[in-house]
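Trainee: I am new to this structure and would like to go through the terms used for it. Please set each value beside its definition.

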Amino acid sequence: MSSSLPRTAAVTALVAAALTAGLLTGTSATAADSPADAAPGTVRIHDVQGSTRISPLVGRQVADVPGIVTGVRTYGSKGFWFQDPRTDDDPATSEGVFVYTGSAPAVAVGDAVTVSGTVGEYIPGGTSSGNQSLTQITKPTVTVVSSGNAVPAPVTLSARSVPSAYAPAGDPAAGGSINALPLKPGAYALDLYESLEGTNVRIGSSRVVGATDPYSELWVTVKPHENDNRRGGTVYGSYTAQNTGRLQIQSLVPIAQQPFPKANVGDWLTGTTEGPLDFNQFGGYTLTARTLGTVADRGLERETTEKQHRGELAVATYNVENLDPSDAQEKFDALAKAVVENLASPDIVALEEIQDNNGARNDGTVAADQTLKKFTDAIVAAGGPSYAWRSVDPVDNKDGGEPGGNIRQVFLFNPARVTFTDRAAGDATTATGVVREKGRAALTHSPGRIDPANTAWDNSRKPLAGEFTFRGRTVFVIANHFGSKGGDESLVSHHQPPNRSSEAKRLQQAQAVNAFVKDILATERGADVLVLGDINDFEFSETTKALTDGGALRAAVTSLPRGERYSYVYQGNSQVLDQILTSPSIRRFTYDSVHINAEFADQNSDHDPQVLRFRP
């Protein structure tokens, strides 16, 4: 950085400590003992940005900062970006910055402007999110000096320019924060992106790794060979494989003027996409496109699993995303068609997120028979079997999810193929247990809930256990919907590694389920047990390790090649959330993650169903 602006070490330490603690979140925070403001016209944008994630001028007034407008946003967080065409010789200091106006800005791309205002560090999502902050100028006074100027040439983001290492390790003395660390854009991807915050950047033709969502955004990768899979995604296979080439794309052109393109995973965003690099709550570093490329459809198709053989039992899990009778018949029909055609009518289907009979209406209703009848009727209409169902209604508003919706797990089963063993069906607060009956394991309640009084299940879905018989063999199935990842910090957190606070609850839940499975196996060593559902965690997580503890279970998804291990796409990362785990007696099986939703802009659910076939 070329500036020699006066500042004391004490102020620098104060500001760094405050940002690390998340105290300077507003748009006009001021350090009480800041030095006097610099003379008008002497501060450049790279002085404002500095060489760390925290502006050295945070909370201070700056005057007549010059630059060229590179992008204007007239929706959402309204304002504009401007960039200094006269760069310094420090690659760590960005030459662009966002100016928050709060209303539609009266500038245009190509305007040469001077800006006076307050330097702020805005944390999208607030301090509790753990997100990095966005350096910006607020309460601005803007003077247009001239118009029609050339925009500063973009910095190209590519496989060659983005480092393979994701982020530096956080400073232990700062609680694991990287906020105050000097940026090393040649060493770490997050440091490169931060060094370009607010700068005009471009990408060439890039593969889509996160489909267009309802908020008119998609994800691409500038590294086509980084953990890629055969369907065009980028696989998140470990906590240290964050996939540095991922980048979120938004458009600065209002949707009313130019609809945002619809793209699926594996499509390509062709040509040049160019605009300022922003940082936001839902994805971190985002190319806000002034010029948007064209989507080339690569024809991704929804998968279909094989039909089970006569002697095979097919068991599936499917999160149907808050299904209730008020949903359009088209949603029921699409989900039903998927069960019949894409999943080949499994013998047992564990459903997650079945809501009660009036959905989110918060009136004490907990029964879901109308939801299930509408769904099973739709399956029959689609050419599928007449599924029966079993479930346990929850206590009103005690299992999390949408208030009033009372989501729960449900077993659908084809009575022409399997028999459900009803044993003194339990209620929401009664725990099922394991007993020995005629030398074999049996449940005390079927269907029943596992350890519902355990605090691990507070405000969360309790596991549903059921006992089935297939060709004379008992199969225990445990349907789960573990606690969500809500509250976890994102991969772009200023803590590196990010804090995963929600994992503690899932770990307790996994331990409870593992203990129950061990009870079954202690009673009948060779029992067939399937644990399945929306585990809300990765195959390499501590949650999965706890489920498999002591060899009680095996995560069946690990039988797939690494490139096929995913059931969900989040911020351009294809990852595992839904799982089926097997007991040791189930030695041979076929596993399929059936990709019909997560990779597509048009979704019936945001999860992909999982199917396992085996011979008991």
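Mentor: Start with Asn-406, which sits in the loop between strand S17 (388-390) and strand S18 (408-413). Helices (H or I, at least four residues) and strands (E, at least two) are DSSP runs, numbered from the N terminus. The model is predicted: local features need pLDDT of at least 70, side-chain atom pairs count only at pLDDT 80 or more, and totals for chains, interfaces and linings use all residues. Residues are numbered from 1 along each chain as its sequence is written, and side-chain values use heavy atoms, with hydrogens and water left out.

Trainee: Why is Asn-406 called buried?

Mentor: Buried means under 20% relative accessible area, exposed over 50%, and partly exposed in between (1.4 Å probe, protein chains only). Asn-406 has a relative accessible area of 2%, so Asn-406 counts as buried. Its phi is positive, about 50°, although Asn-406 is not a glycine.

Trainee: Which value makes Asn-536 count as buried?

Mentor: Its relative accessibility is 9%, and therefore Asn-536 counts as buried. Asn-536 lies in the loop between S25 and H7, and its phi, near 60°, is a positive value in a residue other than glycine.

Trainee: Is Ala-367 buried, exposed or partly exposed?

Mentor: Ala-367 has a relative accessible area of 26%, so it is partly exposed. Ala-367 lies in the loop between strand S16 (348-354) and helix H5 (369-381).

Trainee: What is Ala-367 in contact with?

Mentor: Contact means heavy atoms within 4.5 Å. Leaving aside neighbours within four places in sequence, Ala-367 is in contact with Asp-356, Asn-357, Asp-393 and Arg-408. The C-alpha atoms of Ala-367 and Asp-356 are separated by 5.3 Å, the two being eleven residues apart along the chain.

Trainee: Why does Thr-371 count as buried?

Mentor: Thr-371 has 0% relative accessibility, so Thr-371 counts as buried. Thr-371 is placed in helix H5. Its contacts, neighbours within four places in sequence aside, include Leu-323, Phe-332 and Ile-354.

Trainee: Which value makes Ser-490 buried?

Mentor: The relative accessible area of Ser-490 is 17%, so Ser-490 is buried. Ser-490 lies in the loop between strand S24 (473-481) and helix H6 (503-523). Not counting residues up to four places away in sequence, Ser-490 touches Asn-131 and Pro-498. Pro-497 also lies in the loop between S24 and H6, and the peptide bond from Gln-496 to Pro-497 is cis, with omega near 5°.

Trainee: How do you know that S24 and S25 pair?

Mentor: Two strands pair if DSSP finds at least two bridges between them. Seven bridges join S24 to S25, and these strands run parallel.

Trainee: What makes the unit of S24, H6 and S25 right-handed?

Mentor: A crossover is right-handed if, with the strands pointing away from the viewer, the path from the first strand over the helix to the second runs clockwise. S24, H6 and S25 make a right-handed β-α-β unit. Strand S25 (residues 528-534) is mostly covered, seven of its seven residues being buried.

Trainee: How does the span of H6 compare with what is expected?

Mentor: The expected span of a helix is 1.5 Å times one less than its number of residues. H6 has 21 residues and reaches 30 Å from its first C-alpha to its last, close to the 30 Å expected. Its buried residues include Arg-506, Phe-516 and Leu-521, and among the elements that cover the buried residues of H6 are S24, S25 and helix H7 (542-547).

Trainee: Why is one side of S6 left without a neighbour in the sheet?

Mentor: Nine strands form an open sheet in the order S6-S7-S12-S13-S10-S9-S8-S11-S14, with mixed pairing. Strand S6 (155-156) and strand S14 (294-296) stand at the edges, each with a single partner strand, so one side of each has no neighbour in the sheet. S6 and strand S7 (residues 200-203) pair in the parallel sense over two bridges.

Trainee: What is the average confidence in the model?

Mentor: pLDDT is the predictor's confidence in each residue, from 0 to 100. The protein averages a pLDDT of 94, and 94% of the residues score at least 70. Over residues 1-36, pLDDT stays under 50.
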